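Hi everyone, thanks for making time today. I'd like to walk you through a structure, so let me put it up on the screen.

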Amino acid sequence: MKKRDFLKLTGAFTAGMLLSPMISCGSKEESGDGHEGENQATEFTLPELGYAFDSLAPNIDKETMEIHHGKHHAGYVRKLNAALEGSAFAGMSLEEIFAKVGEEDTAIRNNGGGHYNHSLFWSIMSPSGGGLPKGDLGDALNGTFGSFDAFKEAFSNEAKGVFGSGWAWLCMGEDKKLFITGTPNQDNPLMGNLVEKIGTPLLGIDVWEHAYYLNYQNMRGDYIVNFFNVINWEAVAERFKALA
Ligand code: MN3
């Protein structure tokens with residue numbers, strides 16, 4: 001990247017992502033070019049899980065978590081940073097990218113989505129997860145779907161029904177109403193040019209085979225059932241509260 005372009009991007013960068021309190025956009029100093037302090041690149045970084053790789057077992061096994069985080073997610077981050085360099089999306093937050101990304105922006109769509117979706121996924125799981133959502137989120141789920149069990153069934157059916165690789169989501173719509181949807185590949189409901197209905201994900205399940213195949217083989221339904229044992233409802237409720 002030419003230095004002039006680089007400085008322009010740096011100036012355009014806006015820190016933080018309002019709608020994603022759990023997802024950080026890291027920044028790191030570039031060095032080795034003799035311009036320390038002047039050349040500050042903003043790159044997306046792989047977030048820590050926040051719990052041990054084996055701590056979601058037996059619901060999600062250690063090896064799956066290690067490969068999923070350390071290989072798959074790390075790959076999305078690396079490829080996203082490479083694709084952003086010199087592109088019209090450089091310096092934007094993920095939300096800003098998703099608002100503009102189109103079908104033709106393949107690398108940024110796939111890897112930006114991959115980074116956001118997985119960052120969210122790790123943050124809404126916990127070794128002490130499971131149980132029922134409480135408070136306003138619990139009330140909103142009951143109000144929208146009739147009961148927690150009805151929500152669970154609808155969400156699980158969406159996840160089972162994703163053809164091939166993709167995600168199922170619980171979202172907050174622009175009308176502040178909850179809805180369930182699915183997206184293919186690494187798309188997500190913030191990609192306004194690519195989805196029928198825009199929403200901010202509160203909860204998502206990765207139903208790519210890499211998310212469950214080592215432990216569950218072709219039994220996606222069993223993986224979905226057990227995913228409910230590790231949902232961090234407190235984290236989902238925080239996301240809900242930030243948007244409500
Ligand atoms: Mn995945």
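I'll talk about a sheet and then about a pair of helices. One thing to keep in mind throughout: this is a predicted model.

Let's begin with the sheet. What is the order of its strands? The order is S4-S3-S5, the sheet is open, and the pairing is antiparallel. S4 and S5 are the edge strands, each pairing on one side only. If you ignore direction, neighbouring strands here are turned against each other by 30° on average.

Something also sits against this sheet. Helix H9, residues 233-243, packs on it and touches S3, S4 and S5. The direction of H9 makes about 165° with that of S5.

Now let's zoom in on S3, which covers residues 166-173. Are its residues buried or exposed? The strand is mostly covered, with 8 of its 8 residues buried.

How does S3 connect to its neighbours? Strand S4, residues 178-184, runs antiparallel to S3, and 7 bridges join the two. If you'd like a landmark there, find Cys-171, whose bridge partner in S4 is Phe-179. S3 and S4 also form a hairpin, with 4 residues between them. Turning to strand S5, residues 199-206, the pairing with S3 is antiparallel over 7 bridges. The landmark for this pair is Trp-169, which stands opposite Gly-204 in S5.

Now for the helices. Helix H6, residues 148-161, and helix H8, residues 220-227, have axes that come within 10 Å and cross at roughly 145°. The crossing of H6 past H8 is right-handed. Which residues make the contact? H6 brings Phe-155, Ser-156, Ala-159 and Lys-160, and H8 brings Arg-220, Gly-221, Ile-224 and Phe-227.

Methods: Residues numbered from 1 in each chain as written. Predicted model: local features only at pLDDT ≥ 70, side-chain atom pairs only at ≥ 80, totals over all residues. Heavy atoms only, no water. Axes fitted to C-alpha atoms, helices over the stretch in contact; angles between N-to-C directions. Left-handed = near helix turned anticlockwise from the far one by under 90°. Contact = heavy atoms within 4.5 Å. Buried < 20%, exposed > 50% of the residue type's maximum accessible area, 1.4 Å probe, protein only. Pairing = 2+ DSSP bridges.
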